[in-house]
Amino acid sequence: MLAYIIRRVAQSALVLLIVGLVAFAMFRFVGDPIDNMLGQERTADDIERLRGQLGLDQPFVVQYYRFLENAVQGNFGVSYRQGRPVIDILMERAPATLELAAVSGILAIIFGIALGVFTAIRRNGITANLIMSGSLIGVSLPTFLIGILLIYLFSVELGWLPSFGRGEVVDLGGWSTGFLTASGLKALILPSITLGLYQMTLIMRLVRSEMLEVLRQDYIRFARARGLRDRTVHFRHALKNTMVPVITVIGLQVGAIIAFAIITETVFQWPGVGLLFINAIQFVDIPVMAAYLMLISVMFVGINLIVDILYFFIDPRLRVDRKGGH
């Protein structure tokens, strides 16, 4: 078990190094931040002086090494645009993104599993077929279009929910939350549905497919032959074995919710790190872009590492293979 965890941690660290290298290399093609930081009356001496202060005159390898060295210590430099430490800016924006991702993830997991089980058990029913037909919307339509449609319906036409912003927030020791205000909760509804709809439909269809496959197994037939109730067969035997492969996909989708919140935040002008990243691209704010990508990578890889470890405990076949030396 310990060897398995060490190997997965080493693989995760290698992935982070590669992601950081690729991201840092791409920043060289997004433009020169000096153009946005100096005015029209700049001179060649001003350009060289500022480039030296920012360390942009150093070779790429040196810049990347210094970035990693500082990032390990929690220092991502100073924003070219705002002139403030990047870590402070991220800490201000992180609560908005994490709360949005948490609500979206919970909705996607709960409704995805529940609807997947229902459509598998009642696969020939009219309601199940309607749900499966409606799930094509979440799978086929792009996220930004779903967000625009929801804004048009519930904000423009009906006027029930706000179309942008986070609403009123409460500061709890440096953590700003919208869970404690009515406007904050209302502002969460549309973006969380938009962000979680695709993941919900994907989880639902996967649970349904796996559930139908499990229900065809011999041990399910044997359980029915023993006279067990349908509820016991479905939820104690079938669902338990259905969740083994589904957990891995759920972990990937939770990571995707955090990584791809950038689109939803742009549509709803949600003041999170995704919108911060979009603004950083426009102003070639390399420290902010690098910090965002590294933090998202850490979250994504961390979630997948946790899922792999949980998978090791849930699936007994992995433990048997390890003991057998395979």
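**Setting up**

UniProt, in an unreviewed entry, puts the feature "transmembrane region" at residues 12–30, 100–118, 130–154, 174–198, 246–270 and 290–314; such annotations may be inferred rather than shown by experiment. The model is predicted, with local features needing pLDDT of at least 70 and side-chain atom pairs pLDDT 80 or more, while totals for chains, interfaces and linings use all residues. Residues are numbered from 1 along each chain as its sequence is written, and side-chain values use heavy atoms, leaving out hydrogens and water.

**Exercise 1.** Work out whether Leu 195 is buried or exposed, and what it is in contact with.

*Solution.* Start with the location: Leu 195 sits in helix H8, residues 182–215 (helices are DSSP runs of H or I, at least four residues, numbered from the N terminus). Next, its relative accessible area is 5%, so Leu 195 is buried (under 20%; exposed is over 50%, partly exposed in between, with a 1.4 Å probe and protein chains only). Then look for partners beyond four places in sequence: among them are Leu 100, Ser 104, Ile 257 and Phe 260 (contact means heavy atoms within 4.5 Å).

**Exercise 2.** Find how H7 and H8 pack.

*Solution.* First, take the geometry: H7 (residues 143–157) and H8 pack at about 150 degrees, axes 9 Å apart (axes are lines fitted to C-alpha atoms over the stretch in contact, and angles run from 0 to 180 degrees between N-to-C directions). That makes H7 and H8 roughly antiparallel (over 145 degrees; under 35 is roughly parallel, 65 to 115 roughly perpendicular, the rest oblique). Finally, the residues that meet include Gly 147 and Leu 150 in H7, and Leu 190 and Thr 194 in H8.

Methods: Helices (H or I, at least four residues) and strands (E, at least two) are DSSP runs, numbered from the N terminus.
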